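The following report describes selected local features of one protein model, moving from a single side chain to the sheet and then to other elements.

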Amino acid sequence: MVEKRDYFAQKYAIMQAAGERKRAEENGKRCLKLLHIISHTDLDGVTAAALAHRSRYEVSEAAAPIRVSLTGYGDVDNMILETLRGRDEPLVLDLSPQYQATVDEVDKTVFEQPFLFDHHESTFQHYANRPWIRVDTGFCGAMVYWNWLHGGGADERTLARVEPLREMVRIANDRDLWLNEDPDGRLWGAMVTLCGEWGTFARLIANPDAAFSRPEREAVEAFVARQEERFKRAADSLIRDRIPGSDGSGDLVFLGDGKLEFGDTSDFCGMILDRPAEPSKAPAMVALAYKKPAGGWAVSLRSRNGLAGRVVSLLKDGRKIRGGGHGDAAALYFPHHYTEDGIRESILAALSMEGERKADAGVTLGDLFGSLKGTL
């Protein structure tokens with residue numbers, strides 16, 4: 001009987017040891033999960049990526065590698081799915097999925113905390129109620145993540161590590177939301193154009209201080225001066241269309257490919273919308289078309305009163321025409337077979353539909369009964 005008890009005790013001990021080894025292996029696998037930071041290529045996205053990297057990387061012997069991808073709306077879905085299927089950890093900033101299939105896949109995964117931080121109106125409308133996302137349209141993407149960290153998402157050591165980026169996050173917020181309260185916002189936008197998103201990311205990793213060195217400031221100020229000259233030439237190529245069915249309160253201003261350089265969009269549109277030669281002729285919306293190297297079209301939209309976002313909602317179908325953004329700064333992506341005239345006409349048609357919708361929404365019950373009075 002004693003031998004039998006010893007046998008079962010040994011068997012139990014072997015099984016327990018095997019279970020502990022398996023748990024250790026699983027824990028090891030979890031520890032080896034690679035963090036994949038996926039962020040946008042503009043100043044907001046680059047700042048958000050630097051903030052995320054600083055929040056998760058601590059210089060020590062135990063420091064784990066971090067993968068960083070700076071990309072656009074065309075690739076974000078594939079990157080999220082690739083990361084999840086590889087059982088790695090995604091951290092997505094200033095971007096969101098463009099396809100419902102991606103969202104459905106993400107919904108099947110259990111996350112201990114949110115992994116996607118965005119601020120675009122289109123993201124808020126579609127995904128704001130999900131536990132894996134934090135959306136706040138009142139701030140830029142970097143500030144949304146910063147606020148989450150300081151709202152309980154990080155410990156004191158992490159907050160101390162990200163503190164040097166505080167001023168940079170504030171400038172990115174000023175720039176991305178068109179607050180224009182800090183002139184250095186435009187200069188940092190120029191830095192992204194001059195050095196590229198990766199050059200700017202490397203600068204913020206090496207030196208998170210938002211203050212420019214003297215050579216940096218001289219370079220970006222010279223770029224802005226050249227940019228103003230480009231703006232003057234581009235203004236002569238604008239196509240202005242009256243929005244069909246409008247009451248004359250605003251037009252569409254369209255600029256085709258080849259007139260501006262990458263990084264010019266926000267400042268050029270700001271000039272057209274906020275500093276027109278004749279203030280009474282400020283347009284309702286500005287659309288800038290860029291021919292992508294792969295052959296498709298990227299169209300940047302800027303407006304006031306949320307018109308750009310509503311146009312994107314009307315035109316994007318998730319298959320041929322994609323798009324995203326927030327109320328007054330959004331983008332559409334058209335297939336290669338579209339022409340500039342076709343793109344312009346599509347946007348005008350959407351603006352006309354939006355005008356009709358607003359007109360219908362303004363009709364009251366009193367108006368309807370008044371129109372029926374003579375027929376009763």
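## Thr83 and its surroundings

The side chain of Thr83 makes a polar contact with the backbone oxygen of Met79 at 2.7 Å, where a polar contact is a pair of N or O atoms within 3.5 Å and, within protein, one must be able to donate a hydrogen and the other to accept it, while residues adjacent in sequence count only if both atoms are side-chain atoms. This is a predicted model, in which local features need pLDDT of at least 70 and side-chain atom pairs count only at pLDDT 80 or more, whereas totals for chains, interfaces and linings use all residues. Residues are numbered from 1 along each chain as its sequence is written, and side-chain values use heavy atoms, with hydrogens and water left out.

Thr83 is found in helix 3; helices (H or I, at least four residues) and strands (E, at least two) are DSSP runs, numbered from the N terminus. Thr83 is buried, with a relative accessible area of 3%; here buried means under 20% relative accessible area, exposed over 50%, and partly exposed in between, with a 1.4 Å probe and protein chains only. Not counting residues up to four places away in sequence, Thr83 touches His36, Ile38, Asp88, Glu89 and Pro90, contact meaning heavy atoms within 4.5 Å.

Five strands, paired in parallel, form an open sheet in the order 2-1-3-4-5; two strands pair if DSSP finds at least two bridges between them. Strand 2 (66-71) and strand 5 (133-135) stand at the edges with a single partner strand each, so one side of each is left without a neighbour in the sheet. On average, and with direction ignored, neighbouring strands of this sheet are turned by 10 degrees against each other.

Strand 3 pairs with strand 1 in the parallel sense over five bridges, and Leu93 of strand 3 is the bridge partner of Ser39. Strand 3 (residues 89-93) also pairs with strand 4 (residues 116-118), again in the parallel sense, over two bridges. In strand 4, Phe117 is the bridge partner of Leu93, and Leu116 stands opposite Val92. Four of the five residues of strand 3 are buried, so this strand is mostly covered.

Helix 2 (residues 43-56) lies across strand 1 (35-40), strand 2 and strand 3, and runs at about 160 degrees to strand 1; the axes are lines fitted to C-alpha atoms, for helices over the stretch in contact, and angles run from 0 to 180 degrees between N-to-C directions. Strand 3, helix 4 and strand 4 make a right-handed β-α-β unit, a crossover being right-handed if, with the strands pointing away from the viewer, the path from the first strand over the helix to the second runs clockwise.

Most residues other than glycine have a negative phi. Against that background, Arg87 has a positive phi of about 60 degrees although it is not a glycine, and Asp94, likewise not a glycine, has a positive phi of about 60 degrees.

Eight of the 11 residues of helix 8 (residues 166-176) are buried, so helix 8 is largely enclosed by the rest of the structure. Among these buried residues are Met168, Val169, Ile171 and Ala172, together with Asp174 and Arg175. Helix 8 is followed by Trp178, whose phi is positive, near 60 degrees.

Strand 11 (residues 329-334) is mostly covered, with six of its six residues buried. Ala329, Ala331 and Tyr333 point one way from strand 11, and Ala330, Leu332 and Phe334 point the other way. Six bridges join strand 11 to strand 9 (residues 297-303), and these strands run antiparallel; Trp297 stands opposite Phe334.

How many disulfides are there? With a disulfide taken as a pair of cysteine sulfur atoms within 2.5 Å, the count comes to zero. Cys140 is buried, with a relative accessible area of 0%, whereas Cys195 is partly exposed, with a relative accessible area of 44%.
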